Amino acid sequence: MKTIQLSLILSLGLVFSACQNDQVATETTSGPSENTAVELIVAENLEKHVAYLADDTLEGRMTGEEGYDMAAAYVAAFFDELGLEPGGTDGWYQTVTFQSYKLDTESARVVAHRDGQDIELAYRDDFGMYGDKVREEKSVRAEVVYAGFGVHAPERGYTDYEDIDVDGKIVAIFSGGPSTLESTERAYYTSSSVKSREAYSRGAVGFISLLSRRSEESYPWDSLKERMGKRASMTWLSDSGDAANYWPEGLGSIYLSPDAAKDLFAGTPLSFEEARDATEADTPASVPLGFEVTIETKTSFDELTSPNVIGIVRGTDPELKNEYVVYTAHLDHVGVGTEVDGDKIYNGAYDNAMGVALMMEAARSFAAKPPKRSIMFIALTGEERGLLGSDYFVNYPTVPVDSIVANINLDMPLFLFPVADLVAFGSEHSSLLHPVEKAAEKEGFTLTPDPIPEEGLFRRSDQYSFVRAGIPAIYLIPGFTSVDPEIDGEALFNAHLKDHYHKPSDDLSRHVDWDSAERFGRANTRIGFEIANENTRPVWNEGDFFGEKFGRDVTLATSN
């Protein structure tokens with residue numbers, strides 16, 4: 001792990017600004033009030049953090065590379081100056097060992113066998129694939145069965161697996177899930193791990209992933225293929241050296257372009273457009289397609305390390321200080337990549353330098369006014385590679401996992417306009433809803449339900465790792481409503497996803513409404529104060545879907 005001297009970071013003038021609020025100096029010896037501590041969050045400090053973390057010098061903060069290490073050292077130095085306790089396994093750091101695995105694109109081969117013909121598909125034009133996490137070579141030939149979304153939720157009245165046999169077959173499915181599922185339940189059932197477990201438990205040997213019309217609009221194939229094979233994938237390694245979340249049953253999986261899918265589905269019992277229609281109507285239409293596919297891959301491997309950065313504000317209550325409210329924000333982004341308009345550095349100003357900045361300034365508030373429970377702050381590695389840093393942490397926590405009472409996650413909060421509302425994904429599943437409502441009201445925000453449930457955002461950031469460990473969690477973002485009724489916040493959000501998300505243009509040139517960022521930061525911190533000062537720990541709502549799926553007995557509510 002490369003390090004940067006604290007003096008060098010301090011010389012940049014970015015860790016502390018002169019705006020340490022003079023109010024603190026005039027408080028009594030008992031320390032500042034909670035309100036005063038929250039008011040330490042000011043736009044000027046947020047802006048300086050983002051300016052450093054999203055600077056070209058850090059080269060997009062790729063996991064395992066020098067730019068990420070510089071960002072990690074910056075956060076650690078900030079925690080140190082605030083007087084936090086190191087919370088890692090090596091001081092501030094919890095070092096994660098990763099295995100990177102990269103497809104040998106020259107060996108990537110897919111052949112469709114139908115009507116007595118062997119049809120060779122072209123890598124990038126027709127299909128994409130990843131390497132295998134463990135095996136250097138693999139090959140499979142099997143019949144293809146279409147299985148809708150690949151969702152099996154009989155308790156919710158939906159299944160794509162009724163009356164079809166996928167044993168020894170390759171399953172062709174769309175991303176996403178039926179709109180009849182409640183948004184966060186849909187997030188669970190549409191996760192790749194749940195779909196993989198379901199298919200492989202039924203004997204499937206691989207996947208063909210299909211693009212829905214909505215997915216094709218958001219992620220055009222021409223854009224996707226430009227990135228194929230350019231970068232290695234990653235998984236974390238256990239203490240015994242095993243690859244995490246590995247499915248040895250999977251002998252071949254690919255992504256299929258819409259044009260190739262139309263050709264392959266032609267003449268089968270279901271055309272590709274009919275399959276798309278069925279998914280949009282939430283109608284299972286699973287059927288054997290009557291042809292076989294061969295998939296062949298070769299993979300190369302490397303090993304690297306990258307740290308989570310962890311700091312703790314120790315609580316004041318003799319007993320509750322042994323419990324933790326955990327704030328998380330991923331520190332990594334996607335590094336240097338394909339050049340776009342003369343720029344190849346993917347700075348990640350909003351994703352997620354902004355989230356880290358907000359977490360750092362929350363740490364400033366809690367350091368000034370420690371609550372009853374302890375507060376842990378984790379700048380996570382490997383989120384962009386599949387929530388890897390958070391998944392590693394909940395499998396190898398640096399405090400007893402049962403002592404973690406809640407997680408508050410920050411990821412790509414967009415302040416593209418004067419924000420009027422907040423969305424707290426996951427708050428409806430537990431008693432965390434109450435502190436969220438109180439904090440939002442204090443900062444003049446309304447609270448809005450998930451405005452885009454079809455995107456499954458609840459499972460696409462680090463809070464989901466904590467949920468799977470049985471810990472109530474929320475993922476807090478600004479909503480789509482602007483204080484200015486003339487501004488269409490949803491249109492601006494969608495434009496960011498289309499034009500700037502995971503692109504070099506998510507840089508310091510992006511507009512930020514810093515007043516909204518400041519208010520959001522204060523609301524985010526008030527949520528933590530509410531949770532940390534409550535005498536009772538957060539609980540899952542009685543009968544809650546996630547509480548029943550993952551909750552520990554200690555966190556299950558016995559009454560509403």
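Which residues does Trp 92 touch, not counting residues up to four places away in sequence? Contact here means heavy atoms within 4.5 Å. By that criterion Trp 92 touches Ala 76, Phe 79, Asp 80, Leu 84, Glu 85, Pro 86, Asn 308, Val 309, Ile 310 and Gly 311. This is a predicted model, in which local features need pLDDT of at least 70 and side-chain atom pairs count only at pLDDT 80 or more, while totals for chains, interfaces and linings use all residues. Residues are numbered from 1 along each chain as its sequence is written, and side-chain values use heavy atoms, with hydrogens and water left out.

Trp 92 lies in the loop between β1 (85-86) and β2 (93-103). Helices (H or I, at least four residues) and strands (E, at least two) are DSSP runs, numbered from the N terminus. With a relative accessibility of 13%, Trp 92 counts as buried; the term buried means under 20% relative accessible area, exposed means over 50%, and partly exposed lies in between (1.4 Å probe, protein chains only). Ala 73 is 19 residues from Trp 92 along the chain, and their C-alpha atoms are separated by 9.1 Å.

The strands come next. Strand β10 (residues 206-210) pairs with β12 in the parallel sense over four bridges, where pairing requires that DSSP finds at least two bridges between two strands. Gly 206 stands opposite Gly 252 in β12, and Ile 208 has Ile 254 of β12 as its bridge partner. Strand β9 (residues 170-174) is also joined to β10, by five bridges, and the two run parallel; in that pair Phe 174 stands opposite Leu 210. Four of the five residues of β10 are buried. Strand β5 (residues 127-128) is joined to β12 by two bridges and runs antiparallel to it, with Phe 127 and Leu 256 as bridge partners.

An α-helix has 3.6 residues a turn, so residues three or four places apart point the same way. After α10 comes Gly 267, with a positive phi near 80 degrees.

The axes of α10 and helix α11 (residues 272-280) come within 8 Å and cross at roughly 110 degrees. Axes are lines fitted to C-alpha atoms, for helices over the stretch in contact, and angles run from 0 to 180 degrees between N-to-C directions. The two helices are therefore roughly perpendicular to each other, a term for angles of 65 to 115 degrees, with those under 35 counted as roughly parallel, over 145 as roughly antiparallel and the rest as oblique. Pro 258, Ala 261, Lys 262 and Phe 265 of α10 meet Phe 272, Glu 273, Ala 275 and Arg 276 of α11.

Helix α13 (residues 388-395) is mostly covered, with seven of its eight residues buried. The elements that cover these buried residues include β2, β11 (233-236), β13 (287-313), β17 (374-380), β18 (404-410) and α15 (463-468).

Some backbone geometry remains. Most residues other than glycine have a negative phi, and most peptide bonds are trans. Asp 351 and Asn 352 are joined by a cis peptide bond, with omega about 10 degrees, and Asn 352 is in helix α12 (residues 349-368). Asp 341 has a positive phi near 50 degrees and sits in the loop between β15 (336-340) and β16 (343-345). Asp 341 is exposed, with a relative accessible area of 82%. His 502 has a positive phi of about 55 degrees and is found in the loop between α16 (489-499) and α17.
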